[in-house]
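Student: I've just opened this one and would like a guided tour. Could we go through it together?

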Amino acid sequence: MKIAVLSCFYPYRGGISQFNAELYKELGKVHDVRAFNFSRQYPDILFPGKTQYVEKEDNAVPIQSEAVLDTANPFTYATTARKIAKWEPDLLIMRYWMSYFAPSQGTVAKKVRSITGGRTKVISIVDNLIPHEKRFFDTVFTKYYLKHNDGFVTLCNAVKEDLLKVKPDAKCIVSPHPLYSQFGNKLDREDARRKLGIPANSRTILFFGLIREYKGLDILIKAFSGLGNEYTLVIAGEPYGSFEKYAGLISECKNRDNIILRTEYIRDNDVAAYFSASDVVVLPYRSATQSGITAISYHFGIPMITTDTGGLKESIGERGTGIVVDRADVQLIRNAIISLFSDYENKSAAFAKAIQAEKERLSWSNFCNNLISFANSL
């Protein structure tokens, strides 16, 4: 099968690009795959982080791609569609995680289907249908985008339910987020802690990933402030926007000296140290669909504490790989942390067994086999 993938690839960095690289590699084992990249992903004014691009210190996968789609330039939409259609793919795969991309990618999909007379099927892997930070144009843009797809793959049931509310006749399957493998093997815990400056016998809690309002870091900081000095909190990730609110909360913590800040983009070759040094990963999200952080936690065998939002209960609580609390609440998060460490040896062993089962289930080969079988059914 000839498969075109239109999304962000190297030199763009971040979880979506990492996912696309793994998808490209796995599909390429069996199929003829071509990557079509963004020539511009976001205008700089819309990107709150430091940079959209891989830096020389990053350990990124340099997927060969053709940079064709400028999401902010409508003149590139038809050009992109013609280039994809000229290759005559059987399948076009796109990623959808923000309504900003609906006009550009939706138009490309519409034109590809038209040029090929419907011979090219279009499938979108939908990370989020309802944005975490809502905008007035979300619903209109999303409906336009969905209209020009033949089918959808969601990474959890919560997103599938959102999809069917907007497009009741959508053809879709659920295929959970596969595990990332590009971060290397787990390191010796003592070595990882020395590298990061974490006390050897500390009960270490990790908050990892981009720092955004909906992820509830403020809730975790408040929860941590009520814990004893045997605990260490590591905050590792780049702030999207101001960090001032969180800095203020940290300054008020009586145990603020036990908080380690790495408020920067964590490069791929540094990820192993953070997870290897930690006892638990906490995701105190106010809202979510699923999280790529769970895939990294599974890869390194680290249990999680999270909130019952989106697909997190489905992917963690129901799989027995961590603790799920009812909502993003300071006391509930604190109690869950205390509960875990009250019998960490036995509880972590049970979580580790469940995580190993997930590692076997959530392979890239299974994900791609599900996707291709679904495409063939359309």
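Student: How many aromatic pairs does the count come to?

Tutor: Before counting, note that this is a predicted model, where local features need pLDDT of at least 70, side-chain atom pairs count only at pLDDT 80 or more, and totals for chains, interfaces and linings use all residues. Residues are numbered from 1 along each chain as its sequence is written, and side-chain values use heavy atoms, with hydrogens and water left out. Rings of Phe, Tyr and Trp (its six-membered ring) pair if their centres lie within 6.5 Å. By this rule the count is 16 aromatic pairs.

Student: Are the rings of Phe243 and Tyr246 stacked, edge-to-face or tilted?

Tutor: Planes under 30 degrees apart count as stacked, over 60 as edge-to-face and the rest as tilted. The centres of Phe243 and Tyr246 are 5.4 Å apart and their planes are at 40 degrees, so the pair is tilted.

Student: Which residue stands opposite Thr232 of S9?

Tutor: Two strands pair if DSSP finds at least two bridges between them. Strand S8 (residues 203-208) pairs with S9 in the parallel sense, over 6 bridges. Opposite Thr232 stands Thr204.

Student: And in S10, what is the bridge partner of Val234?

Tutor: S9 also pairs with strand S10 (residues 259-262), in the parallel sense over 4 bridges. For Val234, the partner in S10 is Ile260.

Student: Which ring has the charged end of Arg95 over it?

Tutor: A charge sits over a ring if NZ of Lys or CZ of Arg is within 6 Å of the ring centre and within 35 degrees of the ring normal. Arg13, for one, lies over the face of Tyr265, at 3.7 Å from the ring centre. The charged end of Arg95 sits 3.9 Å from the centre of its ring, that of Phe19.

How values were computed. Helix = DSSP H or I, 4+ residues; strand = E, 2+ residues; numbered from the N terminus.
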